[in-house]
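Hi everyone, thanks for coming. Have a look at the model on the screen, and I'll talk you through a few places in it.

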Amino acid sequence: MNKHIDFDKLQNEGVENVSNQERRDFLKMGLAITGIFAGGTIFSAISTFNQAQASDFAKKYPYNPHYSMVMQQHRCIDCERCVVACNETNHVPKVHGAYRTTILEKETADALGGKREFIPVLCNQCNLPQCTRVCPTKATYKDQTTGIVLMNIKKCIGCLTCQEGCPYNARYFNEEKKAVDKCNFCWDTRLSKGEKDTACAHACPADVRVFGDLSKQDDRVFKIVHQIERPVWVLRPEAGTRPNVFYTKG
Amino acid sequence: MTIRTLLMTAVAALSLAAVTAVAADYPEAPIIYDKPVQGVIFSHKVHVEKGLACDMCHNRIFEQQAKKSQQNKDFVMESLYQGKYCGTCHNGSLAFASNTRCATCHIGVKGAKRAQGGDKAEHGEHH
């Protein structure tokens with residue numbers, strides 16, 4: 001319909017001149033559009049809500065399995081069985097400064113008990129690792145299946161830039177391997193061989209280290225990280241590395 | 001000698017006796033358990049100074065031999081919660097409950113090193 005409408009000359013017909021039928025038709029059109037939209041979400045509110053959640057975390061946790069660890073920090077008593085188990089399983093040299101995991105100590109009146117707290121630390125298997133970015137030879141990389149930051153020791157030239165770059169002091173130079181070494185969630189020594197947890201998590205007598213898979217909603221790590229009753233945090237979030245190791249208390 | 005000097009001497013003698021009586025021989029150095037976990041401290045001094053007599057513990061609860069208890073397989077926290085060992089008093093009513101204030105006794109490997117080696121063990125250890 002190519003009717004030429006001269007808009008400048010159009011007169012306002014006035015609302016009172018619009019017939020009720022015309023008004024009804026107009027409203028029905030609007031309702032039809034909004035109704036389809038609203039009706040869809042109202043009638044299936046629960047399933048769409050869940051779907052939204054599922055697609056959200058599928059993007060957030062892209063690895064399968066998405067290995068992660070949460071530390072129930074208030075339970076740590078510095079028995080260091082985890083360190084012993086790790087050193088034995090992963091052949092960490094008995095040299096000062098050589099560790100894949102260690103326990104930090106903090107004297108604080110905030111601790112349960114009011115004296116000190118012990119904080120286990122290890123490689124956080126960051127989602128945006130600084131170490132892999134600075135490696136000149138690609139000797140370290142984030143595995144695309146499991147998300148673990150792995151070492152290809154044949155390519156390591158010992159420049160130690162990764163060690164400098166790590167905000168968590170997780171890396172050390174292994175003189176026996178002549179390459180940088182760090183925690184790899186016991187991938188080669190345990191997980192790839194069918195074990196379900198790391199040596200440190202297995203050895204802890206106080207249920208401090210909870211190891212699991214963030215891509216599964218019924219996993220214990222997933223539940224602790226996503227619950228809202230007690231605070232869950234990461235170390236040094238300002239570093240922007242998006243760590244995969246979480247801490248909680250209480 | 002006047003009565004006054006006599007009385008003062010008596011008081012002095014009694015005080016001396018009292019002081020020497022309180023300085024009973026118990027191990028002054030703290031005992032640090034290493035089984036089943038390392039770094040658990042027990043201080044006789046702290047308990048005696050609260051007024052506990054030797055036979056309050058060394059009657060049935062503990063043997064009078066350092067770290068003898070840790071040879072028992074049941075020397076675990078669960079036993080304490082059931083009133084055994086330290087849990088006899090550390091149940092919340094006589095003394096703080098054994099499932100609270102963990103770091104009071106659990107000084108850890110680091111605490112044990114400090115208690116045994118003195119400050120030189122800590123020097124240079126900074127991560």
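I'll go from confidence to the contact between the chains, then to a sheet, a helix and some backbone details.

First, some housekeeping. This is a predicted model, where local features need pLDDT of at least 70 and side-chain atom pairs count only at pLDDT 80 or more, while totals for chains, interfaces and linings use all residues. Residues are numbered from 1 along each chain as its sequence is written, and chains are lettered from A and ligands numbered from 1 in the order in which they are written.

The model scores ipTM 0.71 and pTM 0.74. As for pLDDT, that is the predictor's confidence in each residue, from 0 to 100. Chain B averages 83, and 80% of its residues score at least 70.

Now, how do the two chains meet? Chain A gives 15 residues to the contact and chain B gives 12 residues. On the chain A side, the elements that supply two or more residues are strand S2 (101-107) and strand S3 (116-122) of chain A. S2(A) has the largest share, 3 residues. By class, that side of chain A has 7 nonpolar, 3 polar and 5 charged residues. For those classes, Ala, Val, Leu, Ile, Met, Phe, Trp, Tyr, Cys and Pro count as nonpolar, Asp, Glu, Lys and Arg as charged, and the others, Gly among them, as polar.

S2 and S3 of chain A come up again with helix H3 (81-89) of chain A. In H3(A), A:Arg81, A:Cys82, A:Val83 and A:Cys86 are buried, meaning that 20 or more other C-beta atoms lie within 10 Å of their own; 12 or fewer is exposed, in between is partly exposed, and C-beta atoms are placed from the backbone. Their cover includes S2, S3, helix H6 (199-203) and strand S8 (209-213) of chain A.

S8 also belongs to an open sheet of 4 strands in chain A, in the order S8-S1-S10-S9, with mixed pairing. Pairing needs at least two bridges found by DSSP. S8 and S9 of chain A are the edge strands, each pairing on one side only. S9(A) runs antiparallel to S10(A), with 2 bridges between them, and A:Val232 stands opposite A:Thr248 in S10(A).

Finally, the backbone. Most residues other than glycine have a negative phi, and most peptide bonds are trans. A:Glu80, in the loop between S1 and H3 of chain A, has a phi near 60°, and A:Glu80 is buried, with 23 other C-beta atoms within 10 Å. The peptide bond from A:Asn64 to A:Pro65 is cis, with omega near 0°. In chain B, the bond from B:Lys35 to B:Pro36 is cis, with omega near -10°.

Definitions and conventions
Two residues are in contact if their C-beta atoms, placed from the backbone, lie within 7 Å.
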